[in-house]
Amino acid sequence: MEINPTSTSISSSSLSSNRLADLSQQIASGSRINRASDDPAGIQVSISFSRDINENAVGLRNVMDGTSLTQTALGGISQITDSVTQLRDLSLQAQNGTLNDADRQALQEQADQLLEGIRDSIDQTRFNGRSLLSEEGTVGIQAGDSRTDINTPNLLSSLADEGLFSLDISSPDALESLDNSLDLLNQSAGSFAASQNRLDSTASNLTDSAINAAASRSQISDTDIAQAISEQSRELIQREVAISMQAQANAGRSEVLALLNT
C-alpha cells in the first residue's frame, strides 16, 4: 500500500498561483504585457507602435511651430498691406488738382510716416528671433518622413525695387508703384497661406496616424479587464478545488495511518 500526497494537485495549485499573480498584475497595471516573457512577439510590435506614436507627436509639435510661423508672417503682411492701401488713398488724394502745395506736403508727411511704419513692420515680423519678411530663405518643417519648406521673402528689398520707399505720392507714377507693391504683398501672402494649408493637411494626417497607432498598440498590450477578471475568478475557483482535494488526500492518509496503528 502506497500513501502519497496528490502531486498533481500540488502542481496545479502552484501553476494556479502563478497565473493569479500574472492576472493581478495585468489588472493593476492595465497592461497585458508587463515583461518580455509575457509575449515576446507582442512586445516588439508594441514598441514599434510606441516609436511611431512618439515620432508623430514630435512631428505634430514641429507642424504647430510651422503654423505659428506662417500666421506670424501673414499677420505682418496684412499690416503692411493695410498701410500700402492707405498710401494709395493718399496718392489719389494728392493728385487732386484742387490741392495746393501745402496740402500735398501734409499728405506726403502722412505718407512718410506710413512708410516708416512699413519698415518697422518688416523688421519686427519675426519668429523665434528669425526675420520672416526681410531675409530671403527657406524654413524646413520636418514631420516624420514628410517635410514642408516655407519660403521667406525679402520684402524690404522687393518693395524698395518697386520704388515704395522713395515714393512721391503726388507723382503720376505713384499709383503704379503702389499697385505693384500690393501685387507683391499678395504673392507673398499667397505663398505663406499655401504653406499653412500644407501644414494643416500634414497635422491632420499625423493626428489620424497617431490615433490608429495608439488603437493598434492598445489592442496588443492593454489588458481586457473583463476577461482578466473572469479568468481570475476561474483560477481562484480552481485553486480552491485543488486545496480541497489536497485536504481530502491528507485526511485519507491520516485515516489509513490510524487504522494501521490500531
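**Close-up 1. Asn-56 sits in helix α2 (residues 40–94).** Helices here are DSSP runs of H or I with at least four residues, numbered from the N terminus. This is a predicted model, in which local features need pLDDT of at least 70 and side-chain atom pairs count only at pLDDT 80 or more, while totals for chains, interfaces and linings use all residues. Residues are numbered from 1 along each chain as its sequence is written, and side-chain values use heavy atoms, with hydrogens and water left out. Asn-56 counts as buried because its relative accessibility is 10% (buried is under 20% relative accessible area, exposed over 50%, partly exposed in between; 1.4 Å probe, protein chains only). Setting aside neighbours within four places in sequence, Asn-56 is in contact with Leu-206, Ser-209 and Ala-210 (heavy atoms within 4.5 Å). With Ser-209, the side chains make a polar contact at 3.2 Å (a pair of N or O atoms within 3.5 Å, where one must be able to donate a hydrogen and the other to accept it, and residues adjacent in sequence count only if both atoms are side-chain atoms).

**Close-up 2. Arg-88 and Asp-179 form a salt bridge, with their closest N and O atoms 2.6 Å apart.** The pair links distant parts of the chain, 91 residues apart: Arg-88 lies in helix α2 and Asp-179 in helix α5 (residues 174–221). A salt bridge puts a side-chain nitrogen of Lys or Arg within 4 Å of a carboxyl oxygen of Asp or Glu. Arg-88 is partly exposed at 26%, as is Asp-179 at 29%.

**Close-up 3. Asp-123 forms a salt bridge with Arg-126.** Their closest N and O atoms are 3.5 Å apart. Asp-123 is partly exposed at 43%, and Arg-126 is partly exposed at 38%.

How values were computed:
Helices (H or I, at least four residues) and strands (E, at least two) are DSSP runs, numbered from the N terminus.
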